[in-house]
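User: Could you walk me through this one by asking what the labels really mean? I'd like to see how each value leads to its word.

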Amino acid sequence: MHVQVGAWGLARNRAGAWGLASSAPVPRKAGLLLGGREDSGILSPTPVVGVEVGPGVGASVPCCLNVTAATLLLGAEGIEPVHNKKIFQDSVPGCRKSSTLCRCIDEIKQELKQDNIAVKANAVCKLTYLQMLGYDISWAAFNIIEVMSASKFTFKRIGYLAASQSFHEGTDVIMLTTNQIRKDLSSPSQYDTGVALTGLSCFVTPDLARDLANDIMTLMSHTKPYIRKKAVLIMYKVFLKYPESLRPAFPRLKEKLEDPDPGVQSAAVNVICELARRNPKNYLSLAPLFFKLMTSSTNNWVLIKIIKLFGALTPLEPRLGKKLIEPLTNLIHSTSAMSLLYECVNTVIAVLISLSSGMPNHSASIQLCVQKLRILIEDSDQNLKYLGLLAMSKILKTHPKSVQSHKDLILQCLDDKDESIRLRALDLLYGMVSKKNLMEIVKKLMTHVDKAEGTTYRDELLTKIIDICSQSNYQYITNFEWYISILVELTRLEGTRHGHLIAAQMLDVAIRVKAIRKFAVSQMSALLDSAHLLASSTQRNGICEVLYAAAWICGEFSEHLQEPHHTLEAMLRPKVTTLPGHIQAVYVQNVVKLYANILQQKEQAREAEGAQAATQLMVDRLPQFVQSADLEVQERASCILQLVKHIQKLQAKDVPVAEEVSALFAGELNPVAPKAQKKVPVPEGLDLDAWINEPLSDSESEDERPRAVFHEEEQRRPKHRPSEADEEELARRREARKQEQANNPFYIKSSPSPQKRYQDTPGVEHIPVVQIDLSVPLKVPGLPMSDQYVKLEEERRHRQKLEKDKRRKKRKEKEKKGKRRHSSLPTESDEDIAPAQQVDIVTEEMPENALPSDEDDKDPNDPYRALDIDLDKPLADSEKLPVQKHRNAETSKSPEKDVPVVEKKSKKPKKKEKKHKEKERDKEKREKEKKAEDLDFWLSTTPPPAPVPAPAPSTEELSVNAITTPKDECEDAKTEAQDEEGNAEGQDQDKKSPKHKKKKHKKEKEERTKGKKKSKKQPLGGEEAAGEPVQNGAPEEEPLPPESSYSLLAENSYVKMTCDIRGSLQEDSQVTVAIVLENRSNSILKGMELSVLDSLNARMARPQGSSVHDGVPVPFQLPPGVSNEAQYVFTIQSIVMAQKLKGTLSFIAKNDEGATHEKLDFRLHFSCSSYLTTTPCYSDAFAKLLESGDLSMSSVKVDGIRMSFQNLLAKICFHHHFSVVERVDSCASMYSRSIQGHHICLLVKKSLRGPVAGGRKDRLLDSLPAQELFGFWSLSPAASGRLGALR
Amino acid sequence: MIKAILIFNNHGKPRLSKFYQPYSEDTQQQIIRETFHLVSKRDENVCNFLEGGLLIGRSDNKLIYRHYATLYFVFCVDSSESELGILDLIQVFVETLDKCFENVCELDLIFHVDKVHNILAEMVMGGMVLETNMNEIVTQIDAQNKLEKSQAGLARAPACAVSAVKNMNLPEIPRNINIGDISIKVPNLPSFK
């Protein structure tokens, strides 16, 4: 075998772009690639490598790795892969065709048996090559694993490569690799780890993902960025295979978005974009972070990904779009990278689409996009042209007007030599048609159909023509005769696959447009007449499908036929029997319809001979169908033949039969909507999932059950039997149905043109008699050319215009005389073009009470659905990545202690669990709302030019913050406990670089403090930090009451103020007050100012330089009905004093009538619990705290609490910022921390008569009397009433 | 996501195939064949995108390819990848190959598929783009080669034998000698490290 390698190369041309060296001058000799060099080797005369490899060579060189593999493949290429399995199964003598390959395989098998790892690796390498050529190498899976576990990097790499190419989920030995991979992942050599990660990314299975998730997560904070980026990327694969890992790993992944190494950052962006693309709504909360990245990053790859991600997010959150427009426009103007420009334009388009309903004044952006796209389309680079058209088609959907102005350009693209570009241009045309230009465009397309050489492209053209014409229920067709003739013209295409499409259109138009039936029938009969032309190569092309439609139309609407007898003969020609079976069947059936019609006509005209002649024709010709091989045809034909014979007998006796025969086909056939069946509502009481008969149970012991079910059924039956609907009921239903139809997307909505009328209820008497415009000649001999319609149409329009002008003139004259009405400027719009015929398009029928919902059918097998996980929900203790455990787990105290609690929970009766779940859901909802509020805040603030509000610190950071500022030794214990937890919670700190981290955080903190002192408006980050522990700390098991933590502050007719006070963990002695202002009036609220009278104990943080008496402006305005949140920071001296601060909100309310100055007084109440922050605490740390003896103690007893213990705890957690440490039956330990770092432990006990609450607190809080501590309960609105009695 | 990366020559012979979704060997070959048929009949000066989603998975897949003399580099990607970005990536890939192999040619790909795979693994991992900076890729590849060499030790002997055998098989050596500048040509041979 001789192999000659042709030249391939690439040369840089002078402009610096890469050109394709396709014109290689030495085609048969091998040239080398000469990338990036001026002395391009393509042109260099020195020839070069010519390799000749004989089949024997491969076999004769046994152990050299590369040569053997290569020669082997060169020898093997000639072998058809079809035989591969056989080759491997058979022994060497069995293969005759490919002795070379067999020898090689045999050799490989020998090599694999050897002990030398180098030889083995060599063999595996060869196998990898064979795999590429299509040979199954799964039999060597075990050997591959052997090579993978070699200690030398060279061999390991070969092994992993082979594994990544050939392993998949079905490979059974893959389980054996787990430990090897784990070992490699923790190898000191970064390349061992890298190779393992790369390999794993290709063959990860759910089991591997579960077992290795934790190891990989550790690698995400490896010191080497090379490993970090690989670990981050592979996490996506792990998530896919093991969705449970997503939540625990997500905080760290999020953190990697801000990794110092750009590669890691880009990998994290990559993964999150990929995740967000499938379930965008879960990632909306990351928008601020991505926004920051977008404005700061310079890496085009990252930018493109982020911009693409925003494109997916904007449809969910239109406000995000508003924020994006400006930076994106800037990028469009500034960037020189075409890829970035293109993606920007794409996302701007997505934004515009999402905004299109709300904000119409973005014409500048649209113009910019269209303009840039035009530049792309006009570019000589075909790629840019293609992409330009692609993006243009997206704009088209929402802003067709702006695209239509570029019609010239797009029509030009139809002539492009590149098929992809032509197809794109075709797509665009779809949206560009109007009543005015439809005929023109279709005419142009028809000429393309004639010119097109490839069948695929021609077929595409054909479908596009039909799509364009039939879109939105034939909205743009003014002349259906023209359309029918276009369809007839299309039937002349040879070799098209889309005969059925044309047929469907013919049927649809003929059935639904009553006015056209006569014309359609005449055309179809002509088509049937020339059927032999179509059927010339019947079996091969699909065009004969149109005969199906033609036959049906001629039969069904035979009353319109001019010469029914002629058509009957045409349909009974012997040639018909060569058509496909289903078409013949339709022929047979419709022949009878036609025959019935003829009979009727002849009998009415009293032409007995004519009728008998028709019968005779039938009797003569039908037998040819009886002999058909197709069952359907045969059955119908023989049945009908008997019928006709019977008629013949009757006719011979002069009995009139026409009435009875045509009665066979009486009645109208109405179109039915394609989804009608699906929409039939399930009758009340019918459970489709219920068993009709009890399924056979496995165990015989359950004899009793069927009886019980039967009993139950009997009870149910009378209840659910559909009541006999009387007339009234029916009328009511009909009304309801009409209502529904109005909302139903499948019902044809009323057309923009007033001439068209649609019927909701199809019925013969409702259909108005159609008047046909006399300007169109109805008798068109033979097959008409559609072109003539274009001409006719033009004439007609011209005439119409003239008439209209005349009328207008008259009117004008009248108006001049009367001067009553002011005339609008005469513009000729689409609406002015009256259709040639008055057309009544019959609606498709729908079942009664059709369900209006259009459930989109999601694929239940979509692997990405499993990743639809709420990521904002705080992590539960149970959500851990499985860690490989050793037997002696003496140190891990905290988790162990937690376990029994969890177990106890799970043992509870199911009912409770259910309830619990519901509550959980409530909580999730609430938290989502909260998260959304934060996002709201980000979205509502006016975008600052460059700096963006500091990103929300991740939950991880928070916990680190809490831990790294220990107050006493028990905190240290807690830190330890946390550390021992390892990665389990995804909240642990980075073990390898804690110092670095801490420093960073401290720095951040300092900065924040400074920032706060300077500005009165607290940065968002701080707010979130304060808010988050509330979500975080509440243990997952404890459900929270669904009410909001915001309490009413004050309200009047203009504005409603609600507020929430949150302690801030980072800042000692500070609380954040979040005030939500809701505009209830219909005027705009402006110039809002908040002035609060400070007390000695509590002061508001004000901007520098402003005095105590100045008001603090609210940083936003409120349009009617809008609410927004403003946040203020207060510094507190003593936390044992409850406070009430007086304040006033002053604002200007502006509406159409003018502006008024308004005021609203409020009282800000700081209760003691507002100074507490929810802090999670482990039971061992808690116990140490109690043992330390530093705490003072007091207790109270409360009677009259009627809520469940569970609810009580939840309320305490939610409103007073405690967290449950441990709960045993009716006794719970709770913990909280004040903003100044005091510990507060609370023991809540439920005695027989009612719960008893006991409090232990830090010495510093000693001064605080028990009443004060619990007094806040009465002040919190949710808990008041019931808990107030606690005192 | 990148679904697959294929390299085949003008005759449709696969030179490298990397599928990021599991397919059976037969399906893989079929995909390669069909892709070749789609790509090979396109002119040189048409756009480099093909909507041929029939082959791999769903219809939002695109084929993005470049043709260099005798080789087609085809990336099958879904809608989350930027078309122009992938074109750039192919360019980076080829340039990297060129750097690592010193004037890469089809033969290099035949004799060193594993190396090409290793280079690719530094760029794309599990269907996601890992690195686009050519220098970074080359650095990592070089470092790995160095590691291989340092570990080789005794195992280097067979490698030397390999190069010896290989040199024997290559028929152009006499030609080069004829030209007379052996000192330049021999180091320029495909590297046998």
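Predicted model: local features only at pLDDT ≥ 70, side-chain atom pairs only at ≥ 80, totals over all residues.

User: Why is Asn103(B) called buried?

Analyst: Asn103(B) has a relative accessible area of 16%. As for its place, Asn103(B) sits in the loop between helix H2 (83–101) and helix H3 (106–111) of chain B.

User: What makes the phi of Asn103(B) worth a look?

Analyst: The phi of Asn103(B) is near 60 degrees, which is positive, and the residue is not a glycine. Most residues other than glycine have a negative phi.

User: How do you know whether Arg606(A) is buried or exposed?

Analyst: Check its relative accessible area, which is 75%. Exposed means over 50%, so Arg606(A) is exposed. Arg606(A) also has a positive phi, about 55 degrees, without being a glycine. You'll find Arg606(A) in the loop between helix H31 (581–604) and helix H32 (608–621) of chain A.

User: Why does Thr96(B) count as buried?

Analyst: Thr96(B) has a relative accessibility of 0%. With buried set at under 20%, Thr96(B) therefore counts as buried. Thr96(B) belongs to helix H2 of chain B. Leaving out residues up to four places away in sequence, Thr96(B) touches Ile119(B), Met134(B), Ile137(B) and Val138(B).

User: What makes strand E1 of chain B largely enclosed?

Analyst: Count its buried residues: eight of the eight in strand E1 (residues 2–9) of chain B are buried, so the rest of the structure largely encloses this strand.

User: How do you know that E1(B) pairs with strand E5 of chain B?

Analyst: Pairing takes at least two bridges, and seven bridges join E1(B) to strand E5 (residues 71–77) of chain B, so the two strands pair. They run antiparallel, with Ile7(B) opposite Phe73(B) in E5(B). E1(B) also pairs with strand E2 (residues 14–19) of chain B, again in the antiparallel sense, over five bridges. There, Ile5(B) has Lys18(B) in E2(B) as its bridge partner. The hairpin of E1(B) and E2(B) has four residues between the strands, and in this hairpin Gly12(B) has a positive phi near 85 degrees.

User: Why are strands E8 and E11 of chain A called edge strands?

Analyst: Start with the strand order: E8-E6-E10-E11 (chain A), an open sheet of four strands with antiparallel pairing. Strand E8 (1112–1113) and strand E11 (1154–1166) of chain A each pair on one side only. Between them in that order come E6 and E10. Strand E6 (residues 1084–1092) and strand E10 (residues 1139–1151) of chain A are joined by seven bridges, and at least two make a pair, so E6 and E10 pair. Val1092(A) stands opposite Gly1143(A) in E10(A).

User: How do you know how confident the predictor is about chain A?

Analyst: Chain A averages 69, and 61% of the residues score at least 70. Over residues 1–97 of chain A, pLDDT stays under 50, and the model has 189 contacts beyond four places in sequence for that stretch. Residues 853–857 of chain A are below 50 too, and that stretch has five contacts beyond near neighbours in sequence.

User: And what is chain A built from?

Analyst: Chain A has 48 helices and 17 strands. Of its 1287 residues, 53% count as buried.

Note on methods
Residues numbered from 1 in each chain as written. Chains lettered and ligands numbered in written order. Heavy atoms only, no water. Buried < 20%, exposed > 50% of the residue type's maximum accessible area, 1.4 Å probe, protein only. pLDDT = per-residue confidence, 0-100. Contact = heavy atoms within 4.5 Å.
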